[in-house]
Amino acid sequence: MPTSLVLERKGELSLRDIALDQTLTPTDVRIAVRTVGVCGSDVHYYTHGKIGPFVVTEPMVLGHEASGVVIEVGAQVTHLKVGDRVCMEPGIPDPTSRASKLGIYNVDPAVRFWATPPIHGCLTPEVVHPAAFTYLLPDNVSFAEGAMVEPFAIGMQAALRARIQPGDIGMVVGAGPIGMMTALAALAGGCAKVYVADLAQPKLDIIGAYPGIETINIRNTPADEAIAKATGGWGADVVFECSGAAPAILGLPKLARPGGGIVLVGMPVDPVPFDIVGLQAKELRVDTVFRYANVYDRAVSLIAAGKVDLTPLISLTMPFADSIAAFDRAAEGRETDVKIQIEMPAA
Ligand SMILES: [Zn+2]
């Protein structure tokens, strides 16, 4: 049995052998995992033992942001071969479900998502995964970048939902990892400029280093004042809420231009008030994002084309043997850390 990073219960991780079903069906590939990103959700399961209705009740392998090398292919797999470098989409829907048939497989109630109880994640030497949700990495995309495709895919989904038009002014509220990914996806999607607002200056310094991104420290200037000043009082064409913070959500209508769009990406822990009349007075569109569907190949293409560089967001890389320390570091929530990655030993 392989050694995996196991969340035994809230607050307790161990590196140990655990029995996993790794049966290869004709439509699966077996992958030697190489790089895994530590996600806020993994850390939250570690520190809180649950996210919303998903509760850790038995030991679970963590990790869902992964890249690796194909080491075995099922008999019906045609687009991948042994030795291919790949990244994996961690949510596996029921392909025959009503949601899948509509192309919105991310909201298929039957979706099985890595490291969401009771489904095991990928911080283990090998995984078996549907070939249809496994994507070839071009030679110029590293394993580290391949493992960044998962969080970037959320930004991609947000940019698609925003229906960006070339030259739009974007605004992102919240400079956590997902806010940063969303800002970069909005730029790649056609925004002329994206303003990112947060109160943590170290985070703003990291995302503000990208051309096309301007930052707003809301400790100094309220977000609505700053975006009004930047747009001659008009507002942003598309606003992405990535903080999940109640006051930020209440203030959203003030950030958008009349007829603009708001995309809700951040997830408040509890229900929060929403300024409906503020939205109506500008006829704002409101869209929501839950994970992503049909964006992995586009995300890989943007990275391979050099249009999106996610490597500055990889703050620290640690070996698998130190993965508990990597999680403890991530749980500290340092403002200078964006993404911490874990590297599996090369087979
Ligand atoms: Zn993630």
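**Notes on a predicted model: sheets, helices and cores**

Within strand E2, Ser14 is the residue that Val6 bridges to.

1. Strand E1 (residues 3–9) and E2 run antiparallel and are joined by six bridges. They belong to an open sheet of three strands, ordered E2-E1-E6, with antiparallel pairing. Strand E2 (12–17) and strand E6 (60–61) are at the edges with a single partner strand each, so one side of each has no neighbour in the sheet. Helix H10 packs on this sheet and touches E1 and E2, and its direction makes about 160° with that of E2.

2. **Two crossing helices.** H10 also meets another helix. The axes of helix H1 (residues 40–48) and H10 come within 10 Å and cross at roughly 90°, which means that H1 is roughly perpendicular to H10. On the H1 side the contact involves Asp42, Val43, Tyr46 and Thr47, and on the H10 side Phe327, Asp328, Ala330 and Ala331. What kinds of residue make up the contact of H1 with H10? Five are nonpolar, one is polar and two are charged.

3. **A closer look at Asp328.** This residue sits in helix H10 (residues 323–332). Is Asp328 buried, exposed or partly exposed? Its relative accessible area is 36%, so Asp328 counts as partly exposed, since that category lies between under 20% for buried and over 50% for exposed.

4. **The six-strand sheet.** Now turn to an open sheet of six strands, in the order E15-E14-E13-E16-E17-E18, with parallel pairing. Its edge strands are strand E15 (213–217) and strand E18 (285–288), each of which pairs on one side only. From one strand to the next, the twist averages 20°.

5. **Strand E13 and its partners.** Strand E13 (residues 169–173) is mostly covered, with four of its five residues buried. It pairs with E14 in the parallel sense over five bridges, and Ile169 stands opposite Lys193 in E14. Four bridges join E13 to E16, again running parallel, and here Gly170 has Val238 in E16 as its bridge partner. Helix H4 lies across E13, E14, E15 and E16, and runs at about 170° to E14.

6. In soluble globular proteins, nonpolar side chains tend to be buried together. In this model the largest nonpolar core has 51 residues, and those with the most contacts inside it are Phe152, Val196, Phe240, Leu310 and Leu313. At least two residues of this core come from each of helix H3 (143–162), helix H4 (177–188), strand E14 (193–198), helix H5 (201–208), strand E16 (236–241) and helix H9 (296–304). Which element gives the most to this core? It is H3, with nine residues. Leaving aside neighbours within four places in sequence, Phe152 is in contact with Met181, Leu184, Ala185, Ala299, Leu302, Val308 and Leu310. Another core, of 37 residues, lies apart from this one, and Tyr45, Val61, Val77 and Cys122 are among its members.

7. **A buried glycine.** Gly68 is found in strand E7 (residues 65–73). Its relative accessible area is 0%, so Gly68 is buried. Beyond its neighbours within four places in sequence, Gly68 is in contact with Ile31, Ala32, Val33, Arg34, Asp84, Arg85, Val86, Met88 and Phe143. Val86 is 18 residues from Gly68 along the chain, and their C-alpha atoms are separated by 5.5 Å.

8. **Backbone details worth checking.** Most residues other than glycine have a negative phi, and most peptide bonds are trans. Ala115 has a positive phi, near 60°, and is found in the loop between E10 and E11. With a relative accessible area of 1%, Ala115 is buried. Pro118 is in the loop between strand E10 (112–113) and strand E11 (126–130), and a cis peptide bond with omega of about 5° joins Pro117 and Pro118. Arg291 also has a positive phi, near 55°, and lies in the loop between E18 and H9. Why does Arg291 count as buried? Its relative accessibility is 18%, and the buried class takes values under 20%.

How values were computed: Residues are numbered from 1 along each chain as its sequence is written. This is a predicted model: local features need pLDDT of at least 70, side-chain atom pairs count only at pLDDT 80 or more; totals for chains, interfaces and linings use all residues. Side-chain values use heavy atoms; hydrogens and water are left out. Buried means under 20% relative accessible area, exposed over 50%, partly exposed in between (1.4 Å probe, protein chains only). A nonpolar core is a set of buried Ala, Val, Leu, Ile, Met, Phe, Trp, Tyr and Cys residues joined through side-chain atoms within 4.5 Å. Contact means heavy atoms within 4.5 Å. Axes are lines fitted to C-alpha atoms, for helices over the stretch in contact, and angles run from 0 to 180 degrees between N-to-C directions. Angles under 35 degrees count as roughly parallel, over 145 as roughly antiparallel, 65 to 115 as roughly perpendicular and the rest as oblique. Ala, Val, Leu, Ile, Met, Phe, Trp, Tyr, Cys and Pro count as nonpolar, Asp, Glu, Lys and Arg as charged, and the others, Gly among them, as polar. Two strands pair if DSSP finds at least two bridges between them.
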